[in-house]
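Please walk through this structure with me. We begin where two chains meet, then look inside each of them.

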Amino acid sequence: MISPYLATLLRFLFLATALGAGTVLLYRLLRRCQAGEDTAAGYAFLLPWLLGAVVFSLVPMLLSLGLSFTRYNVLASPDWIGWEHYARILSGDPIFLTVASNTALFALFAVVLGIVSSLAAAMLMSLDMRGMGIFRAVVYLPSVIPAVSTALLWRWIFAPNGLVNALLAFFNISGPEWFDNPDWVIPAFVIMSLQGACGNNMVIFLARIRAVDVQIHEAAALDGAGLWARFRHITLPQISPVIFYHLVTGLIGSLMIFTQPMFIQTPGRSGLFYVPYIYQTGWEQGAMGYACALSWILFIALMLLTMLLLVTSRKWVHYESQDALMITQGRVLQPGRARRSLWLAGVVLFSAVMLLPIVWMVSTSLKSQPQLRQVLGTARGPMEHFVDFPLHPENYADAWSALPFGRFVWNSVFIAVLAIGGELLSASLAAYGFARFNLRGRRWLFGLLLATLMIPPVVMMVPIFLIWTRLGLVGTFDPLVLASLLGGGGLYVFIFHQFFKTLPQELEEAARIDGASHARIFFRIILPQSLPVMMVVFLISFQAHWNDFLGPLLYLDRQEQYTMTLGLRYFQANYLGQELRWHWLMAITTVMALPTVVIFLLTQRTFFTRGRR
Amino acid sequence: MRRSTWVYLGLFLTAGGLLAWSISTAGPESSRDGKRIFRFACWGAAKEIAELRSRVLDPINAASDRYFIELTPAPDDYRRKLTTMIAGRSAPDFFYLSQEDIASFAPQGVLLDLTDAVEQSNDPVLDLSDYYPGPLGPCRWNGRIWALPWIAQPVILYCNVDLFEQADVPLPDDDWRWEDFVRAGQKLTRDTNSDGRIDIWGFAQNQWPPVEIWIRQNGARLIDPQTHRLGLQDRRVLEAMNFKADLIHKYRIAPPLSRVGQATNALFRAGRCAMFMGGASDDLDRLEGLEVRAFVLPAGPDGTRATFAWSAGLAISASVQDEALALEAWQKLLAGIQRWKIPAPRRSLASLLEQIEPRKAPSADVIRQAMESMYAPTSLVNYARFDNLFWKEIEEPLLRDPSARAGPLAKRAAPALREALE
């Protein structure tokens, strides 16, 4: 019998080949049908993403729209009830108003503060100096921690006499009860989200800041422009596409906050957010029709907000390709000696703040079960147990041997490698199609791209699962990797798109005049220039697959197929008579974070400088 | 057409054809080596799954030449996985179902009706008279049987012997009632270092243990099992709910919710709480460094005994193939689990509790005694919604706010709760 790994790999290659050939055939067919060059080439580049968007996004979205007009409990057939759910939501559901206001408040602060803090971090970390790579890795580290571990860590950090309150007490400030006080729940979630978002956002900002032309800064400085004036008039306009990207994705991400609130209990409904409410309603209470209606209201709100951002972006987002950028090759303006010391102090302080939860995570992984009982039993995370001696490094070996983690690692790597490869290729193709070709229907298709990001995945799980069941591929690795060849979701296309829009077009035009094909231009000119964004997408995609829980849970049936994240959950879940093994959970979380950090350290030089010309 | 177009077309058709062929051969097997494969979905911790495999499944699979039971364990979020599998028409053949879920799943036609098979069988594992009535109740819906329980875990009282001795409080006896429990709790709750803060608590609670324990001990029911009428106007129900809150606010033997957090038994495990109500198969009576003894729960003011039983059933999917063979395999599986997991929901097996799990021998008599008075929650189609509303609208505010009382909260929440019951 053929190995399940080989079978998936072969299907992946067959699909990639069929899509590659199909792309060329579509281009030639459209040209033969008298379609314009832009339309033919554009649709050819978009083909893989478009197929994925229709099958795995549009169809499930329309199904969920249909279900929103029915009474549907997932297990039985739906019954048509018309607008009843919408009427109830908008007129008589008090929980809806609570969760909507909680979520809006959270999103407002999380997005604004998230952009400001990650931009500040990126500015700080843009300095060229020995050892800066380590500081960048430290700031990046929290974003690679699985959500379940993050939630647990922050529950302890925000405990009444936890880490944060202990630090406040140092300054004679009596800290609040955070997650136990309804007034402080949202601020606590906002702070928690900042730490997670900062790393990823900083990387994208940094890649762009490092490309800002130093010569303009130098010229402005000679003309007497101060630091703030240069930041406002030179840096900000040049990084505006990245700010726009963070605004859109941050808004979508924060309005759809899900995993962390699921693991943190708060008084009443003070910590109940929109998507967890949808999940609770649809999956726990069996009212999936109502959950779908809630999702579509969120979708409409997100669409309106995104359109508003798109319309206003024309006034402040600058996509002009600047050839001068190519000259800088990652050189950045260096501050004077006095400012450099101050700058360095800021870097160290920022890194220390970001590192604290990580130290707590490692310290927990080195505690024994009785030591951990004291931590949990005293008041959920007291400072006196920050580091307990003796340390117990054997936890790592014990946790590793409790389950076949060697096999789990192999499975995670197998899935991540194929999926990332597929996503990098198909998302960059689609983004190029959007960024460079003035094809017919582009606006609508770009709208579809953004729309695929705006419907909560919790209501699309069943339709997508049905598709994979019909294909007979549930129980194999295929559902976790094949869709990556079809664009892999809109986020990566959006990131590539924002980057391609800033690339100069002169080289492509010259190559076209010399007779180069679109494919040759894409692979020989565009991709080599896109190493920074390729690495950014690589890192985000690696994190997503490495830490994915739901996909493997739903599609893999046998333990020998399980991934690291599924293995990790064996230590988190509360089962009969079993004491929770937080120390093992943190040990495996630490091990899981290592590969991403090593990749980051090894590759950061690539994405903080521009690619080959 | 250009020659290269033909090449691309050939490539497209070949790759597409191979893909289609490969997909048609993928997917779960229905048989292996001539044996039909039944998929069995379950939850469990790593060690539990390993034990289930070695102690239950391996012997069954080795003994049968007609079927093979393949395990589909969910490390977490079991309900979502199971629901998606059923909705996606790839339901496992056998699966665990928590007692609250049986009444939700049965009306949807996704469970195999086991009534005839149970009635016609002489197998002891299907002898309903051997089952405790508490855990068997949720397996029935509309007069039919949709699953049989594989576990029945009554709540018992774990006591830290050292803390009782330090406070000079005698350990509980069979005559303990609410007032004895409160009196002992008040003596056990101490500020040991005189810093003005409590260091040792008499008891710890949050949503756990369920408030219905107190309600039943007070001789009432939250929901009438026959009519599904809500008992929130019953004085005894409100008294019991207030009693649970008074343990925190009036008698001060249990810490406020913000101190307990989500890890309800953490205080007990850390030796900072003298009494804890936990499941019979919890490992609280063999904690390293602590001497712990188990007792039955205190009785209500009039001596009524009642304890909550957490139970789960083993069900068969309505879409199972080869029903007769599936029933045979299910019986073996059920019997195997009941002889591995404690406490089994059958009287004949309860007497073997020490043999099945020797580490539970010191608590075995208490567990058996508790099993005689255990109840299961009333079967409701919308149990999850009701439970969530009850906690958020009544119980949590009652436990958090010292000035809150059950009566006004119940009055305000009653319409929404009644709607959930319909």
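**Where the chains meet**

The contact (heavy atoms within 4.5 Å) takes 76 residues from chain B and 75 residues from chain A. This is a predicted model, in which local features need pLDDT of at least 70, side-chain atom pairs count only at pLDDT 80 or more, and totals for chains, interfaces and linings use all residues. Residues are numbered from 1 along each chain as its sequence is written, chains are lettered from A and ligands numbered from 1 in the order in which they are written, and side-chain values use heavy atoms, with hydrogens and water left out.

How much area is buried between chain B and chain A? It is about 6600 Å², and carbon and sulfur atoms give 58% of it. Buried area here is the accessible area (1.4 Å probe) that two parts lose on being put together, summed over both.

Four salt bridges cross the interface of chain B and chain A. A salt bridge is a side-chain nitrogen of Lys or Arg within 4 Å of a carboxyl oxygen of Asp or Glu. Asp557(A) forms one with Lys81(B), and their closest N and O atoms are 3.5 Å apart. On the side of chain B that touches chain A, helix H1 (residues 3-24) of chain B gives the most, with twelve residues. Helices (H or I, at least four residues) and strands (E, at least two) are DSSP runs, numbered from the N terminus. That side of chain B divides into 33 nonpolar, 19 polar and 24 charged residues. Ala, Val, Leu, Ile, Met, Phe, Trp, Tyr, Cys and Pro count as nonpolar, Asp, Glu, Lys and Arg as charged, and the others, Gly among them, as polar.

**Inside chain A**

Chain A has 28 helices and two strands. Its radius of gyration is 25 Å, close to the 25 Å that the globule rule gives for 613 residues, so chain A is as compact as a globular protein of that length. The radius is taken over C-alpha atoms, and the rule is 2.2 Å times the number of residues to the power 0.38. Of the 613 residues of chain A, 61% count as buried. Buried means under 20% relative accessible area, exposed over 50%, and partly exposed in between (1.4 Å probe, protein chains only).

Take Ser351(A), in helix H15 (residues 337-365) of chain A. Is Ser351(A) buried or exposed? At 4% relative accessibility, it counts as buried. Ser351(A) touches Met125(A), Phe135(A), Val138(A) and Val139(A), not counting residues up to four places away in sequence.

**Salt bridges within the chains**

Over all chains, the count comes to 37 salt bridges. Glu37(A) pairs with Arg512(A), the closest N and O atoms being 3.6 Å apart. The pair links helix H2 (residues 37-67) and helix H23 (residues 506-513) of chain A, and its residues are 475 residues apart. Glu37(A) is partly exposed at 22% relative accessibility, and Arg512(A) is partly exposed at 35%.

In chain B, Asp130(B) and Arg346(B) form a salt bridge, their closest N and O atoms 3.1 Å apart. These two residues are 216 residues apart. Both Asp130(B) and Arg346(B) are buried.

**An enclosed helix in chain B**

Why is helix H16 (residues 364-371) of chain B largely enclosed by the rest of the structure? Six of its eight residues are buried, so it is largely enclosed. They are Ala364(B), Val366(B), Ile367(B), Arg368(B), Ala370(B) and Met371(B). What covers them includes strand E7 (148-160) and helix H14 (347-350) of chain B.
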